[in-house]
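The entries follow the order in which I looked things up.

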Amino acid sequence: MSTLTKSTFVSGLFEALPNTFPSLRQMGKENFYVQGFPSLKDEEYKFTPIAKKLETSLTNFSSANPVIISAEQINKAVPAGFEGVVLAFSNGKYLPELSTSVEGLTVNFLSKNESTPIGSIAKAENDPFIALNQATFTDGLCISIEKKKEITLPILLLQFHQAKEGQVISPRIWIEAGDFAKASFIDYSISLDDAPYFVNKVVEIKGGIHTDLTYHSLQEENNQVIQVNALVTDIQQDSQFTSTQITLSGDLVRNNLTLNLLGSNAVGNMFGIYLLNGKTHVDNHTNVDHTFPHAESNELYKGILADQSRGVFNGKIFVRQAAQKTNAFQQNNNILLSEDAIINTKPQLEIWADDVKCSHGCTVGQLDEEALFYLQARGIDKTTARGLLLYAFAGEVLEKIELESLRTFITTKIQERLGSKF
Amino acid sequence: MLSIKNLHASIEGTPILRGINLEVKAGEVHAIMGPNGSGKSTLASVLAGREEYEVTEGEVLFQGKELLELSPEDRAREGVFLAFQYPIEIPGVSTTNFLRTALNQVREYRGLEPLDAVKFLSLMKEKMALVEIDQKLLSRSLNEGFSGGEKKRNEIFQMAMLEPVLSILDETDSGLDIDALRIVSNGVNKLKSENTATIVVTHYQRLLDYIVPDFVHVLYKGRIVKSGTKELALELEEKGYDWIKEEVDSTATV
């Protein structure tokens, strides 16, 4: 297999592994070598040449050590008006002295809590990047929400990244929420400089019954960064899980989102915006697995692509035979602002039950010239008019963000990028 | 105020306007009538700056400025307003939101301070009354799901807010029932002054019962072939356009 030989360039990563979770790491390593990095012949990575990118962009295939973060850097990174809990990380390593907490929330280093069943939701045998992370993660964090605890304050995971030698950062997060718990997370990753590195992150979320969990992810790293992010969650009966994925920059970003609906009345929401320019390449692969009757999934991803950017959207909906009365909706809309921008969008529905409601649709278009002229004819300059229309296009997803401070924060970023404020 | 001289325009190489001459003075109302495809809407679009049309000849002076040299937004800021025949629906943008942006850009161009939210709202309330439009409608996505009448009332509402010098109403009567026609016309009439002018583009005379023109021009095959007073509109109502077509076509063949 060509993929096997292709993977040897990462062998440096497996030297000097931490001594925690020894058998799990060994399994991760084996699973990685069995699968290897995906090639372009792999259907799931057809448009995203990740192995080639890694081989050519990274100079030093070893794990990046944490860098020192100051309280001032934290203050600068926290969105204005944000009121909530801050969990700070440096290259994946949790920084307790710079973090805050709230009643009902417990955090623990994974190295101090080896009974954490990591790998039980995000499975190394299905994904070489999960396998690689499982073998090499330096430490990680276990976040627990107490049963029946509704945490109203949002929990901000502030991830600082910096690897001057083009190294690998492997954050690992395990979140568990007891029955009837509620919490909202914001995963915000920030580059501390413009150097390249590779982030290979795995987040596993295990919710009890009747939980209500939201996970926002804001990706705004520098344009040399390569990322593969796996978010895998088990959603039990009567529970709701919402993922909001906002990607604004990066070199090559691959987001693998997997929602396992494991009970009746489970609801999974997947929302996303990708606003790309330059040569940024963003690939969102989502996967929702309906296994029980009377569950629901909603998906809406919107993309705005300028310059020579490239987007990939692949939305898989799997409805098993037992999952009668499933409602599954999927929508992906794109606006291409340049002739050199590319989007590959593909809905992928596999339905084995016969009494379901499933819909999907994708559109690729350009900016509406008629609408642009209408706004100009009212005295609005072209740049502002363009920004207004694009912002309105993205607005449908922004409206889904319930946290006002986060919505404002992202809205401002998007408006700045679209070249206008209104 | 507006002086159009020998205006020629084409779309994708096909000539539509073939030498329009028109003088409009402050305080006047001009009606442009004509059969379908005569170039009425093209004239309105060219004046507003729609990019698909290529001006191949002629000039347009608006208050002494070369109108055709200006971008669509600068024409609007100078005081030209086009009420669209088919107002655009824009999901996700409310009338209130976009109009505040528009008004403040227009004010900035005219050297005026921007209006704050409170002043903007009170101005809006005053102008809303003119066209009997509901505030709820204005906070919804622009024209999305609006009835034909609501869309046209929204156009006149925007006109009231932007206080143009020259208003061009492109078939504002199309898609209107009698009540809406009366409301829209009342709005237009209340906005008229001795310092402003109006060009009413219409296929039917009906609208001109409400918005009474000082001059009526008949456009045919891209030229103004006949001009007169409001009586000309009545004559057209009664006799249709065929006699004009015949008159023009017969002289053309001679």
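**Helix packing in chain B**

I began with the pair H6(B) and H7(B): Gly149(B), Lys152(B), Arg153(B), Ile156(B), Met159(B) and Ala160(B) in H6(B) meet Ala180(B), Ile183(B), Val184(B), Gly187(B), Val188(B) and Leu191(B) in H7(B), where contact means heavy atoms within 4.5 Å. By class, I recorded 8 nonpolar, 2 polar and 2 charged residues in the contact of H6(B) with H7(B); Ala, Val, Leu, Ile, Met, Phe, Trp, Tyr, Cys and Pro count as nonpolar, Asp, Glu, Lys and Arg as charged, and the others, Gly among them, as polar.

The model is predicted, with local features needing pLDDT of at least 70 and side-chain atom pairs pLDDT 80 or more, while totals for chains, interfaces and linings use all residues. Residues are numbered from 1 along each chain as its sequence is written, chains are lettered from A and ligands numbered from 1 in written order, and side-chain values use heavy atoms, without hydrogens and water.

I next looked up the geometry of H6(B) and H7(B) (residues 178-191): the angle is about 5° and the axes are 10 Å apart. H6(B) and H7(B) are therefore roughly parallel (angles under 35 degrees; over 145 is roughly antiparallel, 65 to 115 roughly perpendicular, the rest oblique). Axes are lines fitted to C-alpha atoms, for helices over the stretch in contact, and angles run from 0 to 180 degrees between N-to-C directions.

For H4(B) (residues 117-130) against H6(B) (residues 148-162), I noted an angle of about 130° and axes 9 Å apart. H4(B) and H6(B) are therefore oblique to each other. From H4(B), the residues meeting H6(B) include Phe120(B), Leu123(B) and Lys127(B); Phe157(B), Ala160(B) and Met161(B) meet them from H6(B). This contact of H4(B) with H6(B) has 8 nonpolar, no polar and 1 charged residues.

**Between the chains**

I then turned to the contact of the chains, which takes 17 residues from chain A and 29 residues from chain B. I counted 3 salt bridges between chain A and chain B (a side-chain nitrogen of Lys or Arg within 4 Å of a carboxyl oxygen of Asp or Glu). Arg378(A) and Glu155(B) form a salt bridge, 2.7 Å from N to O.

**Within chain A**

Lys346(A) and Glu43(A) form a salt bridge, with closest N and O atoms 3.2 Å apart.

Conventions
Helix = DSSP H or I, 4+ residues; strand = E, 2+ residues; numbered from the N terminus.
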